[in-house]
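I opened this entry to keep track of what I looked up, element by element. The notes follow the order in which I went through the model.

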Amino acid sequence: MPNKEDLLTTTQMAKFVADGFLRFDDVVPDELNRAALAQMEAGIERPRGGDPVQGMWQGTAIGDVVQLPQIQGIMASLVGTDPLYDHHAVHIVQPNREEGQIWHADAIIDLRTPFDIQFFYFPHDTPREMGGTMVLPGSHYRRISESDIARYQNFLGQQPMVCKAGTVMVAHHGIWHCAQPNLTDRTRYMFKLRLNPTVRQLRLWNTDDIDAPEVSSELNANHRWYGNEARLEIVNRIKLWRHLTGDEKYDLGYWLSRLENEPTAAALVA
Ligand SMILES: O=C(O)CCC(=O)C(=O)O
Ligand SMILES: [Fe+2]
């Protein structure tokens, strides 16, 4: 079991529910980054999808990254302590590549509320000229089929993962993202790992701050790119928050409750 201090807080969970991702800067030590990068260059053994991730790549740098207490805490908070390995990929952007990848979401097949997570691990410094995966906060509820959004170039509020070596992002599987051009003369590496939950994603994090006022502020975030449709996103977040907390009456103001008002009692006739 991870240490309580390595679990996510409720406020962080609320930010994940609103934004669709969390970033953790500089969490993997330098020596491990260097060893992990060498392993990425050499090729990482591909396990079988659907097997437990714990114990995979044992005795290798990538295995050690997965076993870091903070990574274990993030994992436990979002998908439980024993998630399944879905797949991984070493994403490479060649030096002097001026073209960015098309906007997309990875492998969305259905609309289930339970979600997978994807770790994006950046083993070396990733300045803007090297790209940094571009992500769109709050996009994960718009379940698009792979490259439905490929015709778009830029979105209001998009964020490049410009970061130091050892930075990890964890994202909901629905997040819209794309690799960016690499204008340096060095190859850009990023390791992505998708995991499936094996338990109901119910209060798996450190819930000490469950009643903190920051929770509703996070859930009310307005990412602006959806214009007047913010209310739709708020409702999506309330639904996921109810699923995660088990509080079936949770609301922000009077959003979801209003939609649940389907009176069945007949009016009294005098
Ligand atoms: O390389 C990246 O930054 C993202 C790559 C990616 O998401 C993909 O190929 O599915
Ligand atoms: Fe992708």
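**Helix pair**

I began with helix α1 (residues 10-19) and helix α6 (residues 230-245), whose axes come within 9 Å and cross at roughly 140°. The model is a predicted one. I wanted a word for the crossing; angles over 145 degrees count as roughly antiparallel, and α1 and α6 are therefore oblique to each other. I noted the hand of the α1 and α6 crossing as right-handed.

**Strand β3**

Next I looked up burial along strand β3 (residues 117-122). Six of its six residues are buried, so β3 is largely enclosed by the rest of the structure. In a regular strand the side chains alternate between the two faces of the sheet.

Then I checked the partners of β3. With strand β6 (residues 167-172) I found antiparallel pairing over six bridges, and F120 sits opposite M169 of β6. With strand β8 (residues 188-196) β3 also runs antiparallel, joined by five bridges. There I noted Q118 opposite R194 of β8.

**Three-stranded sheet**

I traced an open sheet of three strands, ordered β5-β4-β7, with antiparallel pairing. β5 (159-160) and β7 (177-178) are at the edges with a single partner strand each, so one side of each has no neighbour in the sheet. Strand β4 (residues 134-135) pairs with β5 through two bridges, in the antiparallel sense. I recorded V135 as standing opposite Q159 in β5.

**Positive phi**

I looked for exceptions and noted R203, not a glycine, with a positive phi of about 45°. R203 belongs to the loop between β8 and α5 (213-219). I count R203 as partly exposed, because 15 other C-beta atoms lie within 10 Å.

R224 is another non-glycine residue with a positive phi, near 75°. I placed R224 in the loop between α5 and α6. R224 counts as exposed, because it has 12 C-beta neighbours inside 10 Å.

**Ligand 1**

Which residues surround ligand 1? I listed H91, V93, Q101, D106, T133, H177, A179 and M190. By class, the shell around ligand 1 divides into three nonpolar, four polar and one charged residue.

Terms used:
Residues numbered from 1 in each chain as written. Chains lettered and ligands numbered in written order. Predicted model: local features only at pLDDT ≥ 70, side-chain atom pairs only at ≥ 80, totals over all residues. Near = placed C-beta within 6 Å. Nonpolar A, V, L, I, M, F, W, Y, C, P; charged D, E, K, R; others polar. Buried ≥ 20, exposed ≤ 12 C-beta atoms within 10 Å, placed from the backbone. Helix = DSSP H or I, 4+ residues; strand = E, 2+ residues; numbered from the N terminus. Pairing = 2+ DSSP bridges. Axes fitted to C-alpha atoms, helices over the stretch in contact; angles between N-to-C directions. Parallel < 35°, antiparallel > 145°, perpendicular 65-115°, else oblique. Left-handed = near helix turned anticlockwise from the far one by under 90°.
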